[in-house]
Amino acid sequence: MESKHCKPAFERADPDRRNKVIQTAVDEFSGLGFENANINVIAKKAGISIGLMYKYFETKEDLFILCLEEAISELHAVIEAVLQSDDKILVRAEKLIRAIQQTSGRESRYVKLYNEITKLSDEKQVRYYADRIEGISYEAYAGFLKRAKEEGDIRSDLDERMFAFFFDSLLMTLQFSYTCDYYRERFKVYCGDDIFDNDEKVVQELLKFLESAFTFSHDDVKKLEKSD
């Protein structure tokens with residue numbers, strides 16, 4: 001493990017101990033937020049002394065950023081696993097939606113960490129990590145949209161950068177809807193109290209929405225309006 005946000009002592013530590021410290025910290029930061037998480041509590045729950053914790057990290061912020069890097073790595077792995085396939089665009093979109101449903105429940109801690117980036121005191125770090133996270137999504141989505149357009153799978157007049165933003169915004173909202181309390185309640189207001197028992201319906205309805213966005217041009221919509 002190489003990171004400028006931990007000291008050499010942490011890099012030399014036993015892998016199991018490193019993992020225990022990181023996972024304990026992820027639990028605390030995602031559950032309580034950056035400001036309310038206590039590094040003394042994290043040390044105790046991880047089974048190490050506070051003295052040793054400070055031999056590993058200069059500040060609580062450094063520990064948080066290392067946890068954030070772990071979350072970024074998980075995000076990248078999920079996206080890459082889906083988008084590197086040769087499937088048609090809607091098949092890959094379906095796989096992404098299903099991956100979000102699965103990982104948002106299993107790794108909701110990582111999603112919650114993203115919301116804590118704004119709590120960092122260093123504005124440059126905020127921009128840097130926001131760019132890293134969004135950069136992963138942008139490069140992946142813009143790339144596969146461009147490829148789909150070149151192969152004739154989607155409408156030829158779309159702007160890949162703009163559509164990548166809209167596509168990511170939809171998936172990000174879905175991710176929060178399975179993870180964060182406010183968004184979960186919002187999801188139920190729009191889609192019914194039983195929506196979390198209907199994962200398949202969410203997949204199919206979102207695919208319909210995406211299919212119309214990817215395939216209907218503005219002229220097509222006008223023709224449909226005239227036919228009515």
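Figure 1. The model is predicted: local features require pLDDT of at least 70 and side-chain atom pairs pLDDT 80 or more, whereas totals for chains, interfaces and linings use all residues. Residues are numbered from 1 along each chain as its sequence is written, and side-chain values use heavy atoms, with hydrogens and water left out. The second largest pocket holds about 440 Å³ of space. Its lining consists of 14 residues, of which Leu174, Phe187, Cys191, Val202 and Leu206 lie closest to the pocket centre. Two or more lining residues come from each of H9, helix H10 (181–191) and helix H11 (199–215). By class, nine residues of this lining are nonpolar, two are polar and three are charged. A pocket is an open set of points on a 1 Å grid over the protein atoms alone, where a 1.4 Å probe fits and protein lies on both sides within 12 Å along at least five of seven lines; lining residues have an atom within 4 Å of a point. Points are joined across faces, edges and corners, and the volume is the space filled by probe spheres set on them. Ala, Val, Leu, Ile, Met, Phe, Trp, Tyr, Cys and Pro count as nonpolar, Asp, Glu, Lys and Arg as charged, and the others, Gly among them, as polar.

**Figure 2. The largest pocket has a volume of about 530 Å³.** Among its 28 lining residues, Leu75, Val111, Tyr114, Ile133 and Gln175 are the closest to the centre. At least two lining residues are supplied by each of helix H5 (60–83), helix H6 (89–106), helix H7 (108–114), helix H8 (123–150) and helix H9 (160–177). H8 provides six residues, the largest share of the lining. The lining comprises 17 nonpolar, six polar and five charged residues.

Figure 3. Helices (H or I, at least four residues) and strands (E, at least two) are DSSP runs, numbered from the N terminus. The C-alpha trace spans about 75 × 40 × 30 Å along the principal axes of the protein. Of the 228 residues, 43% are buried (buried means under 20% relative accessible area, exposed over 50%, and partly exposed in between, with a 1.4 Å probe and protein chains only). Phe10 belongs to helix H1 (residues 8–12), and this residue is buried because its relative accessible area is 0%. Between Phe10 and Ala213 there are 203 residues in sequence and 48 Å in space, C-alpha to C-alpha.

**Figure 4. Met162, Phe165 and Phe166 make a nonpolar surface patch of about 330 Å².** Phe166 is found in helix H9 and is partly exposed, with a relative accessible area of 42%. Patch residues have over 30% relative accessible area and no salt bridge; like charges are joined within 9 Å, and nonpolar side chains (Val, Leu, Ile, Met, Phe, Trp, Tyr) within 5 Å. Accessible areas come from the Shrake-Rupley method with a 1.4 Å probe, and for residues only the protein chains shown count as cover.

**Figure 5. A salt bridge joins Lys7 and Glu58, with the closest N and O atoms 3.4 Å apart.** Lys7 lies in the segment before H1 and Glu58 in the loop between helix H4 (50–56) and H5, so the pair ties together parts that are 51 residues apart in sequence. Lys7 is partly exposed, at a relative accessible area of 26%, whereas Glu58 is exposed, at 53% relative accessibility. A salt bridge is a side-chain nitrogen of Lys or Arg within 4 Å of a carboxyl oxygen of Asp or Glu. The whole structure contains twelve salt bridges.

**Figure 6. Asp153 and Lys88 meet through their side chains in a salt bridge (3.2 Å, N to O).** The pair links distant parts of the chain, 65 residues apart, with Asp153 in the loop between H8 and H9 and Lys88 in the loop between H5 and H6. Lys88 is exposed, with a relative accessible area of 52%.

**Figure 7. Glu185 and Lys188 form a salt bridge in which the closest N and O atoms are 3.1 Å apart.** The two residues are separated by about one helical turn because they stand three residues apart in helix H10. Glu185 is partly exposed at 46% relative accessibility, and Lys188 is partly exposed with a relative accessible area of 24%. Elsewhere, a network of salt bridges links Glu94, Arg98 and Glu200.
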